[in-house]
Amino acid sequence: MFDDGKCLDAEQTVEWIPALRAYARSLTKNDTDADDLVQDTLHKAIRNREKFKAGTNLRAWLFAIMRNTFFNDRKRAHREVTGAKDCVAGSVSSPATQEWTVRGTEMMAAINRLPTHYREMLILVVMLGESYERAGEICGCTMGTVKSRVNRARKLVAEDLERLPDEE
């Protein structure tokens, strides 16, 4: 518990930071933005800790805060123009040389090209191991919608990867 006796357990919250960071990375596609999103999520969780009900799913609560924060920030950023999208700082300086790195990069690029609603379901269920039910709680949709989106995301990634020229 925090010093003021609220219901949120600090140790449990810290345990979920790696999963939060992975989910944030899938949403933002950028390590720096992911770290900022995790920090914003934890700040909001601590600030609103009295709203957390003891005995409920802390991970789902934190993921829901993160998801809402991401989409709210995205809406806000859409109204703001900051600079050129093709900035040199955002490009990779040297290509990967190992086959597994190349394939992994291709797969993550295919995942990152997915529409957000498919990508977040794929990340939550396939990469982070959330159940369909829990992913539905986090994203505010039914389990059937989650299953449908995960299935569609898998198909889209497979189709995207099939279109890539085979180097072998």
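Student: In this predicted model, is Phe70 buried or exposed?

Tutor: Burial is judged from relative accessible area, and a residue under 20% counts as buried. Phe70 has a relative accessible area of 11%, so Phe70 is buried.

Student: With which ring does Phe70 form a pair, and how is the geometry of such a pair read?

Tutor: A pair of aromatic rings is described by the distance of the centres and the angle of the planes. The centres of the Phe70 and Phe71 rings are 5.2 Å apart and their planes stand at 70 degrees, so this pair is edge-to-face.

Student: How many aromatic pairs does the whole structure hold?

Tutor: A search of the whole structure gives 3 aromatic pairs. One of them joins Tyr23 and Phe63, with 5.1 Å from centre to centre and 5 degrees between the planes, and this pair is stacked.

Student: Which parts of the chain does the pair of Tyr23 and Phe63 tie together?

Tutor: Tyr23 belongs to helix H2 (residues 17–28) and Phe63 to helix H4, so the pair links parts that are 40 residues apart in sequence. Tyr23 counts as buried at 0% relative accessibility, and Phe63 is buried as well, with a relative accessible area of 0%.

Student: How should I read the packing of H4 and H6?

Tutor: Two packed helices are described by the angle between their axes and the distance between the axes. Helix H4 (residues 58–78) packs with helix H6 (residues 116–127) at an angle of about 155 degrees, and their axes are 14 Å apart. H4 is therefore roughly antiparallel to H6, and the crossing of the two helices is right-handed.

Student: Which residues make the contact between H4 and H6?

Tutor: H4 contributes Phe63, Arg67, Phe70, Phe71 and Arg74, while H6 contributes Thr116, Glu120 and Leu124. By residue class, the contact of H4 with H6 comprises 4 nonpolar, 1 polar and 3 charged residues.

Student: At what angle do the axes of H7 and H8 cross?

Tutor: The axes of H7 and helix H8 (residues 143–163) cross at roughly 100 degrees and come within 8 Å. H7 and H8 are therefore roughly perpendicular to each other. In this contact, Tyr132, Glu133, Ala135 and Gly136 of H7 meet Met143, Val146, Lys147, Val150 and Arg154 of H8. The residues of the contact of H7 with H8 divide into 5 nonpolar, 1 polar and 3 charged.

Student: Where does Leu128 lie, and with which residues is Leu128 in contact?

Tutor: Leu128 sits in the loop between H6 and helix H7 (132–139). Leu128 is buried, with a relative accessible area of 18%. Apart from neighbours within four places in sequence, Leu128 contacts Ala19, Ala22, Tyr23, Arg59, Phe63 and Ile123. The C-alpha atoms of Leu128 and Ala22 are separated by 7.8 Å, although these residues are 106 residues apart along the chain.

Student: What is the phi of Lys29, and where is Lys29 found?

Tutor: Lys29 has a positive phi of about 65 degrees, although Lys29 is not a glycine. Lys29 is located in the loop between H2 and helix H3 (31–47). With a relative accessible area of 36%, Lys29 is partly exposed.

Student: How many helices and strands does the protein chain have?

Tutor: The protein chain has 8 helices and 0 strands. Buried residues make up 33% of its 168 residues. Among contacts in the protein chain with a separation of 6 or more, 63% are between residues 24 or more positions apart.

Terms used:
Residues are numbered from 1 along each chain as its sequence is written. This is a predicted model: local features need pLDDT of at least 70, side-chain atom pairs count only at pLDDT 80 or more; totals for chains, interfaces and linings use all residues. Side-chain values use heavy atoms; hydrogens and water are left out. Axes are lines fitted to C-alpha atoms, for helices over the stretch in contact, and angles run from 0 to 180 degrees between N-to-C directions. Helices (H or I, at least four residues) and strands (E, at least two) are DSSP runs, numbered from the N terminus. Angles under 35 degrees count as roughly parallel, over 145 as roughly antiparallel, 65 to 115 as roughly perpendicular and the rest as oblique. A crossing is left-handed if the near helix is turned anticlockwise from the far one by less than a right angle, and right-handed if clockwise. Contact means heavy atoms within 4.5 Å. Ala, Val, Leu, Ile, Met, Phe, Trp, Tyr, Cys and Pro count as nonpolar, Asp, Glu, Lys and Arg as charged, and the others, Gly among them, as polar. Rings of Phe, Tyr and Trp (its six-membered ring) pair if their centres lie within 6.5 Å; planes under 30 degrees apart count as stacked, over 60 as edge-to-face and the rest as tilted. Buried means under 20% relative accessible area, exposed over 50%, partly exposed in between (1.4 Å probe, protein chains only).
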